[in-house]
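Open the structure in your viewer and keep the selection panel at hand. The stops below are meant to be followed in order.

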Amino acid sequence: QVQLVESGGGLVQAGGSLRLSCAASGSIFRLNTMGWYRQVLGEQRELVAAITSDGDTNYADSVKGRFAISRDNAKNTVYLQMNSLKPEDTAVYYCSCVVPLLYGKYTYWGQGTQVTVSS
């Protein structure tokens, strides 16, 4: 069982910055791919950024150059630094943890943290 606890969401003006944190427990953190997703009410959850156990990253086109994902394996924590925020970044942001299994993989989710960007 993996537990993910997000923090760092809030209200910010357009052009501002926020840093989200996700603390993980219950698994071998350094082996897992971690990610951040976001969801607007009534829409599908979408990938924002992900980072593998090797440190490889990928980003949604809409956030490239503005957001940065990083991980601290010693603290079992993944971060999402969000700069130059836009109103369209407003969403609930979810942390994810992909745990490799003997046959396949399983994704755990955090409870979500609200990010609101005012214009």
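Predicted model: local features only at pLDDT ≥ 70, side-chain atom pairs only at ≥ 80, totals over all residues.

A disulfide is counted here when two cysteine sulfur atoms lie within 2.5 Å of each other.

**Stop 1: the disulfide**

Select C22 and C95. Their sulfur atoms are 2.1 Å apart, and the two residues form a disulfide. The structure holds one such link. Looking along the S-S bond gives an angle of -80 degrees, which makes the link of C22 and C95 left-handed. C22 belongs to strand β3 and C95 to strand β9, so the pair ties together parts of the chain that are 73 residues apart in sequence. Both C22 and C95 are buried.

**Stop 2**

**Stop 3: the four-stranded sheet**

Switch to cartoon view and colour β1, β3, β8 and β7. These strands form an open sheet in the order β1-β3-β8-β7, and the pairing is antiparallel. β1 (3-7) and β7 are the edge strands; each has a single partner, so one side of each is left without a neighbour in the sheet. From one strand to the next, the twist averages 15 degrees.

Zoom in on β1 and β3. The two run antiparallel and are joined by five bridges. L4 stands opposite A24 in β3.

Now pick S21, also in strand β3. Is S21 buried or exposed? With a relative accessible area of 16%, S21 is buried, since the limit for buried is under 20%. Leaving aside residues up to four places away in sequence, S21 touches V5, E6, S7, W36, T77, V78 and Y79.

**Stop 4: the largest nonpolar core**

Show side chains for L4, M34, W36, V78, L80, M82 and Y93. Among the 29 residues of the largest nonpolar core, these seven touch the most other members. At least two core residues come from each of β3 (18-25), β4 (33-39), β5 (46-51), β7 (67-72), β8 (77-82), β9 (91-101) and β11 (113-118). Which strand gives the most? β9 does, with five residues.

Centre the view on L80. With residues up to four places away in sequence not counted, L80 touches L18, R19, L20, W36, V48, A49, F67, A68, I69 and Y93.

**Stop 5: the aromatic pairs**

A search of the whole structure finds two aromatic pairs. Select Y37 and W109 for one of them. Their ring centres are 4.9 Å apart and the ring planes stand at 75 degrees, so this pair is edge-to-face. Y37 is in strand β4 and W109 in strand β10 (residues 104-109), so that the pair links distant parts of the chain, 72 residues apart. Y37 is partly exposed at a relative accessible area of 24%, and W109 counts as partly exposed at 38%.

Finish with Y106 and Y108. This aromatic pair is edge-to-face, with 4.8 Å from centre to centre and 70 degrees between the planes. Y106, at 45% relative accessibility, counts as partly exposed, whereas Y108, at 18%, counts as buried.

Conventions
Residues numbered from 1 in each chain as written. Heavy atoms only, no water. Core = buried A, V, L, I, M, F, W, Y, C linked by side-chain atoms within 4.5 Å. Buried < 20%, exposed > 50% of the residue type's maximum accessible area, 1.4 Å probe, protein only. Contact = heavy atoms within 4.5 Å. Pairing = 2+ DSSP bridges. Axes fitted to C-alpha atoms, helices over the stretch in contact; angles between N-to-C directions. Phe/Tyr/Trp six-rings, centres within 6.5 Å; stacked < 30°, edge-to-face > 60°.
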